[in-house]
Amino acid sequence: KERAREKLQTIVLVETEDLRTLAAADMVLKEAYANIILVGEEKRIKKLAEENNLDLEQARIIDPKLSDQTEFLAQEFYELRKHKGMELDKAREIISEEVLYFGCMLVKVGMADGMVAGAVHTSSDLLRSALQTIKTDKTIKVASSFILIDVPDCDYGENGLFIYADAGLNQNPTSEQLAEIAYSSAETFRSLISREPYVAMLSHSTFASAPDHPDIIKVREAVQY
């Protein structure tokens, strides 16, 4: 949080029909470690906030159905997807109706630095919208997910901090993909924790109990990359 305050970023929250999202926005704004954009109907958001004693005065609220940015974002989305058969009218419909795409496009065009979602939408919907708009970093060949785990009073990891990957996206990665996931996870750890990462490749073999199993061979090969 201290690092975030030093370089204040703008985060867009799109699941504003969920009270948890508005409560989170209230907490972030009170602690002042990010600027917040809320996507949704302004009257409804303010009513829900008032009913639950949440202070969202410092948040920017954008309604995709009313915003003068919607057409611009739709045009940009159309340009991104026209090679896939996207039509402009369809792009307008998606941007005005589907908040995940609206939020992702805010990030894509630089109006926000990041988006948080997944409390209401499925992981597949969230990932699809991000991969079709923001896409992966040019240095990353394989998109992957990770879980950041904080274990109290733990001597392992970085004072009990671990990244586990891939925990939810790639079900059966190849050796090369495992190596890419290890690389991107290490970079993520370095970015979030500001410490040099140590990477462990996990498998189901204990003390070479299944040395010739294809899954074990795959992990060993990944280390070689």
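The largest pocket in this predicted model holds about 2000 Å³ of space. It is lined by 50 residues, and those closest to its centre are Met 115, Val 116, Phe 146, Thr 188 and Leu 192. H8 gives the largest share, with 6 residues. Sort that lining by class and you get 30 nonpolar, 13 polar and 7 charged residues.

Now for the second largest pocket, with a volume of about 910 Å³. Here 32 residues make up the lining, and Ile 163, Tyr 164, Ala 165, Ala 200 and Leu 202 sit closest to the centre. Strand E6 (161–165), H8 and helix H9 (214–224) are the elements that give two or more residues to this lining. H8 turns up again with the largest share, 6 residues.

The model has 2 aromatic pairs. In one of them, the ring centres of Phe 162 and Tyr 164 are 6.3 Å apart and the planes meet at 50°, so this pair counts as tilted; edge-to-face would take an angle over 60 degrees, and stacked one under 30. How exposed are Phe 162 and Tyr 164? Phe 162 has a relative accessible area of 22%, so it's partly exposed. Tyr 164 comes in at 40%, and is partly exposed too.

Conventions. Residues are numbered from 1 along each chain as its sequence is written. This is a predicted model: local features need pLDDT of at least 70, side-chain atom pairs count only at pLDDT 80 or more; totals for chains, interfaces and linings use all residues. Side-chain values use heavy atoms; hydrogens and water are left out. Rings of Phe, Tyr and Trp (its six-membered ring) pair if their centres lie within 6.5 Å; planes under 30 degrees apart count as stacked, over 60 as edge-to-face and the rest as tilted. Buried means under 20% relative accessible area, exposed over 50%, partly exposed in between (1.4 Å probe, protein chains only). On a 1 Å grid over the protein atoms alone, a cavity is a set of points where a 1.4 Å probe fits but cannot get out, and a pocket is an open set with protein on both sides within 12 Å along at least five of seven lines; lining residues have an atom within 4 Å of a point. Grid points are joined across faces, edges and corners, and a volume is the space filled by probe spheres set on the points. Helices (H or I, at least four residues) and strands (E, at least two) are DSSP runs, numbered from the N terminus. Ala, Val, Leu, Ile, Met, Phe, Trp, Tyr, Cys and Pro count as nonpolar, Asp, Glu, Lys and Arg as charged, and the others, Gly among them, as polar.
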